[in-house]
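Welcome! Have the sequence and the 3D view ready, and let's walk through this protein together.

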Amino acid sequence: MKDAPQRSQPSMRARIMLALAGTILGLGLVEGICRLAVVDDEREPESLWGSALLPKDVEDLRIAGRSEGEYRYLRVDPRLGWTIAPGTSTDNGVLYSADGAGLRVLPEGGDSGSRPPSPAEDGAARTRAANDASGARAAPIRIAAFGDSFTHCDEVPYEDCWTYDVERASGMPVFNAGVPGYGTDQAYLRYLEMRSTLRPDVVVLGLMIADVKRNVNVFRTFLSGWTAWSKPRFVVAGDGLELINRPAASPAEVPDLIARGDPLLALDWWYEPAEWRSRPFDFSVAYRFARARLFRPRPRPSVFEPGSEPILVTARIVEAFARDVEREGGRFLCLVIPSQPDLRYGDPVPWQPLLTLLRRADVTVVDPTNDLRALADSPELFRPFGHYGPAGNDVLARFVLRAIREGWARATRPQEPKERDTIGVFDPVGRIFALRNANAAGDADRSLRFGPEGAVPIAGDFDGDGVDSIGVYAPARGEFLQRDSNSEGPAARVFRFGGTRQSFLPIAGDWDGRGGDSVGVYSPKLGRFFLRNANDAGPPDVQTPFGPTDASPTWHPIAGDWSGRHRGDGIGLYDSSTGRFALKHDPTTGGPADIEFRFGAAGRGLIPIVGDWDGDGIDTIGLYDPVERTFFLHNANADGPAERVFRFDSPQRLPIAGNFDGL
C-alpha cells in the first residue's frame, strides 16, 4: 500500500513573510484607528485619548498663530507680548470692557475715575484733599494697579473687582491696568509705557504667586496653553537685569524659532527639547502617542528654591519697579496674591525666600494670605476657573486700602529712623541669650537658654523667613546648632562644618545673594574664610584668603552688606588692638580691603558687631565693651563718633545683633 501524499509545509521564509505581513497589517490598523481618533483643534495641540502627541508639531503651532492675532479682547503687542486692545469689550460669561487706553473699566465707559485724567482734570484733582475713613489725613490722588488676571479681575464683573472696591471706598480714581496672562516683567514694562499718561501717586503691583514661573518664560506655549505668542523676559546680568526678546517674536516667527532650535529657547526655563525634537518615526500617530505616554519631563528644582533663577529674577524686577515708581515721586505697594492651590501651604510658605528678598530691598509688601486662608472653605472665595470671587476681591481691597492709608499717614508726619537690627548678648557659661528689640538702654525683651556650655553665639536668618534667630558654634566639636525662632527648645539643625580646630571663629551671612543666611568660619592662623551656602554638613563652597596669617587673638571676623545693594553679604575683620576695620564687598575674592577705617578705642578688648542700625539698608559696624557693658553703634562704615551709646546691664558677655522681631 502506497503512503498517502504529504502536504508541503510553508518554508521558513514564507512563514516570516506571513508574520511580517500580519504585523504590518496590525500596525497599519492601529495607526489607522489612532489617526481617526486624533483630536486636532487649532486652540490645542494634536491629542489622542487625552494625551498631547509628542513631538509637538510646529506646523500646527503655526496654524494656531495665524488664528490668534487677537484673542477675546487681547492683541499681540511687540513691546509687551500682548495687551488689551483699546476701546474693545468681550462677553465670556462676564463682560470685560476696555477704554481708549486699554484699561479695564465699567461697561458703557465707567465713571470719570476709570480713565486717565486730562491735564486740566489733573490740575483740578490736585487741589482736592481726599480724606481717609477718619477724615483726618490727606490721601493720594491717583492709584494705578498693574498685574495679571487677578488684577484685571477675571471671572467677576468690574463692580466686584478689588480695584473698583478701592475706588468706591476711597473716593480716589483707580486705574486698572491688569492684563490676563501677564508676568511681573510685562506688568513692569506696561507701567513704564503708561506712567506718563496715568501719572499715579500710588502704584500697586498685583504679584500672583504663579507669576514667578511666568517671569522665566519667553514662549508661552512652553508654560501653558497652545499659543504662538511670546513675551519679553528679563535675565540676571551682574547686579542688574537685561531684557531679551524685545520686540517680542511674532506668532508667525515663533514656530520657525522653535523648529531651528534658536538660542533664545535656552533662556526659557520651561523649554523641553524632547517635546519638539523630530525623530524618524514621528510620521506615526501611534508612535507619537506612545512617546507621549512614556515621556517624563526632566527634573528641575522648585521655582521657590532660595537663590533659584525664578526667585532672583522676580525679586529684581519688583525692586526695579519700586525704584522707578519712587523716582517719579510715587509710592509702590507689592500686593501678594496667592492662588487657590497656594492657600494649602502653612508657614513658612514656599515663596518666603522671595518675600525676604523684597523686604530686604525695602519694598513694601502687602500680604493678605492669612485672611484669605481663613476663607479657604468659602464657596464665594474662588470662581470656577480659579480667580477670586467677590469675597476674595473684598479681602484684597481691604488690605490695599489699609496699606495706602497707613503709608500716607507715615508720609505726612516726621519719622524717626527705624533700626532694622538690634543688639543682644550671650553668656557662654549659663548659655543664656538676652535680646533687645531696641538699640537703647533697658531690660532684655527676651531671655532664653540655648546651646552647650562654652559655645560661641551667632545669629542669622537661617530659614529665610525674614527674621534673625539665635544659634551657637561649639568649637570643641566643630558643630553648629541653630534655632528658627527666638524661643527655648531643641535645635532645628545640628551639623558639623569647619572641623574641630579650636582656633576657628564662626560667622553667618548671605554669601551667594539668594536670601537667608548660612554659616562660615574664619581661621586666624591661615588668614582665610571658609564659607558654606547651606546650613548643613559639607565642604566649604568658598575659601577666601583675607587678612594676615598667624593673626593674634585680637582679630575678629564680621559679615554684612556693606554697600546696601542687597546682593549678598561681604566679609570683614576687626583688630581690637588697633581699632582697625577692614571690609570686603565680595566674600569670594581675596586681595586688599575695599573699605578701611578706625573706630573706637584701641587696646581695650572691644568686640565688634554688625547691623543695620538706622534702617537705610546698609550694614554698619558697632562695638561692645564687655567690662562696661556698653554698646557703641555707628551708622557709617567710616571714621567718626558713635551715633548711639548705651549700657545694656546684663551679665552676659558676648554680643550679637539681628532683626529679632522681624519688623
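What is the handedness of the disulfide of Cys153 and Cys161? The torsion about the S-S bond of these two residues is about 65°, so the disulfide is right-handed.

## About the model

This is a predicted model, in which local features need pLDDT of at least 70 and side-chain atom pairs count only at pLDDT 80 or more, while totals for chains, interfaces and linings use all residues. Residues are numbered from 1 along each chain as its sequence is written, and side-chain values use heavy atoms, with hydrogens and water left out.

## The whole chain

The protein chain holds 14 helices and 37 strands. Both kinds of element are DSSP runs numbered from the N terminus: helices are H or I with at least four residues, and strands are E with at least two.

Of the 663 residues in the protein chain, 52% count as buried. Buried means under 20% relative accessible area, exposed means over 50%, and partly exposed is in between (1.4 Å probe, protein chains only). A contact means heavy atoms within 4.5 Å. Among contacts in the protein chain with a separation of 6 or more, 59% are between residues 24 or more positions apart.

## The disulfide and its neighbourhood

A disulfide is a covalent bond between the sulfur atoms of two cysteines. Here a disulfide is counted when a pair of cysteine sulfur atoms lies within 2.5 Å, and by this rule the count comes to one. The bond joins Cys153 to Cys161, with an S to S distance of 2.1 Å. Cys153 is buried, at a relative accessible area of 2%, and Cys161 is buried too, at 0%.

Next, look at Thr163, which is found in helix α5 (residues 162–170). Thr163 has 0% relative accessibility and therefore counts as buried. Leaving aside its neighbours within four places in sequence, Thr163 is in contact with Ala145, Thr151, Tyr158, Val174 and Asn176.

## Two helices that meet

Two packed helices are described by the angle between their axes and the distance between the axes. The axes of helix α11 (residues 309–327) and helix α12 (residues 352–360) come within 10 Å and cross at roughly 35°. Axes are lines fitted to C-alpha atoms, for helices over the stretch in contact, and angles run from 0 to 180 degrees between N-to-C directions. The crossing of α11 and α12 is right-handed; that is the word when the near helix is turned clockwise from the far one by less than a right angle, and left-handed is used for anticlockwise.

Which residues of α11 and α12 meet? Ile311, Leu312, Thr314, Ala315 and Val318 in α11 touch Pro353, Leu354, Leu357 and Leu358 in α12. The residues of this contact divide into eight nonpolar, one polar and no charged. In this grouping, Ala, Val, Leu, Ile, Met, Phe, Trp, Tyr, Cys and Pro are nonpolar, Asp, Glu, Lys and Arg are charged, and the others, Gly among them, are polar.

## A closer look at each helix

In α11, 14 of the 19 residues are buried, so this helix is largely enclosed by the rest of the structure. Just after α11, Gly329 takes a positive phi of about 85°.

Helix α12 is mostly covered, with seven of its nine residues buried. These buried residues pack against β13 (202–208), α7 (211–214), α11, β16 (331–337) and β17 (365–366).

## Backbone details in the loops

Asp362 is in the loop between α12 and β17. Although Asp362 is not a glycine, its phi is positive, at about 60°. At 33% relative accessibility, Asp362 counts as partly exposed.

Arg431 sits in the loop between β18 (422–427) and β19 (432–435), and phi of this non-glycine residue is positive, near 60°. Arg431 is partly exposed, with a relative accessible area of 28%. Finally, the peptide bond from Arg246 to Pro247 is cis, with omega near 5°; Pro247 is found in the loop between β15 (240–244) and α9 (254–259).
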